[in-house]
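Please keep the sequence and the coordinates at hand while reading.

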Amino acid sequence: MADRSRMPRRKDKQEKEAGEKTKDGKEVNQDGENAQPNGAGPSSESLPTNDATTNGKNGELQVEPMELPPFEIIAGDRIDPFAFKFQFKNVEYSSGRNKTFLCYLVAKGNTPDGLLRGCLEDEHGGSHAEEAFFTQCLPDYDPSLKYAITWYMSSSPCSACAAKIVDVLNAKKNIKLSISAARLFEYEEAEIQAGLKALHKAGCKLRMMKPLDFSYTWDTFVENEEQPLNLWEDCKDNYEYYHEKLSEILQ
């Protein structure tokens with residue numbers, strides 16, 4: 001287990017967000033600090049839907065179980081400001097953050113296309129944002145061009161995504177990737193550490209987001225209505241904590 005005592009001000013300030021982890025480590029609450037746990041039933045004030053049936057014996061309403069479709073990748077130019085403040089907050093106890101946000105910048109050699117910019121969002125089902133980037137955001141990949149790609153992510157890649165990114169970097173030597181993450185995902189796990197080391201070995205630049213990076217991402221990728229970002233009190237301390245952990249993993 002991680003040495004929780006080394007987290008800055010953890011005794012005085014801890015995130016008290018509800019949530020439990022699934023087997024793969026992803027959180028299962030919906031967005032927002034006060035969201036209900038995933039799978040929680042409707043409140044007592046909810047009205048029955050068309051799927052409700054009446055029990056003939058006691059007249060009580062029973063709701064037929066409904067199978068939800070898998071979550072899909074959401075692509076766009078800007079992130080909702082409330083989602084950004086919650087998902088990118090660099091706390092250690094990341095309860096309720098059940099998805100990955102990936103903001104990207106792509107420069108393609110000496111072309112007139114300019115700088116490609118956008119955002120991807122995933123949840124715990126289907127493709128992850130990292131994998132979706134290479135299929136959705138680089139459809140016109142040209143092996144004769146040099147690509148400089150920068151990601152600003154709400155959390156670092158899982159082991160499966162790390163392996164897929166490594167495969168891409170090894171197969172396409174003209175792609176240079178830099179990843180800045182707000183948090184380290186499951187960094188205590190051996191397979192996660194191995195994935196981060198493999199990314200580093202494949203030439204991917206890995207680092208944690210500094211306070212200035214949060215402000216830059218807010219200005220560049222968020223529907224901020226020209227309002228500045230007020231950084232949370234522990235932002236710098238938590239960055240330094242994660243920076244130290246990442247350095248220990250990559251050394």
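The structure holds 0 disulfides, a disulfide being a pair of cysteine sulfur atoms within 2.5 Å. This is a predicted model, in which local features need pLDDT of at least 70 and side-chain atom pairs count only at pLDDT 80 or more, whereas totals for chains, interfaces and linings use all residues. Residues are numbered from 1 along each chain as its sequence is written, and side-chain values use heavy atoms, with hydrogens and water left out.

A disulfide is a covalent bond between the sulfur atoms of two cysteines. The cysteine sulfur closest to that of Cys119 belongs to Cys103 and is 4.0 Å away, which is too far for a bond. Cys158 is likewise in no disulfide, the nearest cysteine sulfur, that of Cys161, being 3.6 Å away. Both cysteines count as buried, a word that here means under 20% relative accessible area, with exposed meaning over 50% and partly exposed what lies in between (1.4 Å probe, protein chains only): the relative accessibility of Cys119 is 4%, and the relative accessible area of Cys158 is 11%.

Turning to the chain as a whole, its secondary structure comes to 6 helices and 8 strands, where helices (H or I, at least four residues) and strands (E, at least two) are DSSP runs numbered from the N terminus. Along the sequence these elements follow the pattern β-β-β-α-β-β-α-β-α-β-α-β-α-α. Of the 251 residues, 43% count as buried, and the chain exposes about 14,600 Å², of which carbon and sulfur atoms supply 49%; accessible areas come from the Shrake-Rupley method with a 1.4 Å probe, and for residues only the protein chains shown count as cover. With contact defined as heavy atoms within 4.5 Å, 72% of the contacts between residues at least 6 apart in sequence join residues at least 24 apart.

In soluble globular proteins, nonpolar side chains tend to be buried together. A nonpolar core is taken here as a set of buried Ala, Val, Leu, Ile, Met, Phe, Trp, Tyr and Cys residues joined through side-chain atoms within 4.5 Å. The largest such core has 39 residues, and those with the most contacts inside it are Phe133, Ile149 and Trp151. Strand 4 (101-108), helix 2, strand 6, helix 3, strand 7, helix 4, strand 8 (205-208) and helix 6 (235-250) each supply at least two of its residues, and the largest share, 6 residues, comes from helix 3. Leaving aside neighbours within four places in sequence, Phe133 is in contact with Tyr104, Val106, Leu120, Leu138, Ile149 and Trp151. Apart from this core lies another, of 18 residues, among them Ile79, Tyr152, Trp218 and Trp232.

Not counting residues up to four places away in sequence, Leu138 touches Val106, Phe133, Tyr147, Ile149 and Ile175. Another loop residue, Phe88, lies between helix 1 (81-87) and strand 4, and at 0% relative accessibility Phe88 counts as buried. Beyond its neighbours within four places in sequence, the contacts of Phe88 include Ile79, Tyr152, Met209 and Trp232; the C-alpha atoms of Phe88 and Met209, 121 residues apart along the chain, are separated by 9.6 Å.

How do the helices present their buried residues? In helix 3 these are Cys161, Ala162, Ile165, Val166, Val168 and Leu169, and they cover an arc of only 160 degrees around the axis, which puts them on the same side of helix 3; the arc is that of the directions from the helix axis to the C-beta atoms. The opposite face of helix 3, turned away from its buried side, carries the exposed residues Asp167 and Ala171. What covers the buried residues of helix 3 includes helix 2 (129-137), strand 6 (147-153), strand 7 (175-181) and helix 4 (190-201).

In helix 4, Ile192, Gly195, Leu196 and Leu199 are buried, and their arc of only 95 degrees around the axis puts them on the same side of helix 4. Ala190, Glu191 and Lys201 are exposed on the face turned away from that buried side, while the cover over the buried residues of helix 4 includes helix 3, strand 8 and helix 6. Just after helix 4, Gly203 takes a positive phi of about 100 degrees.
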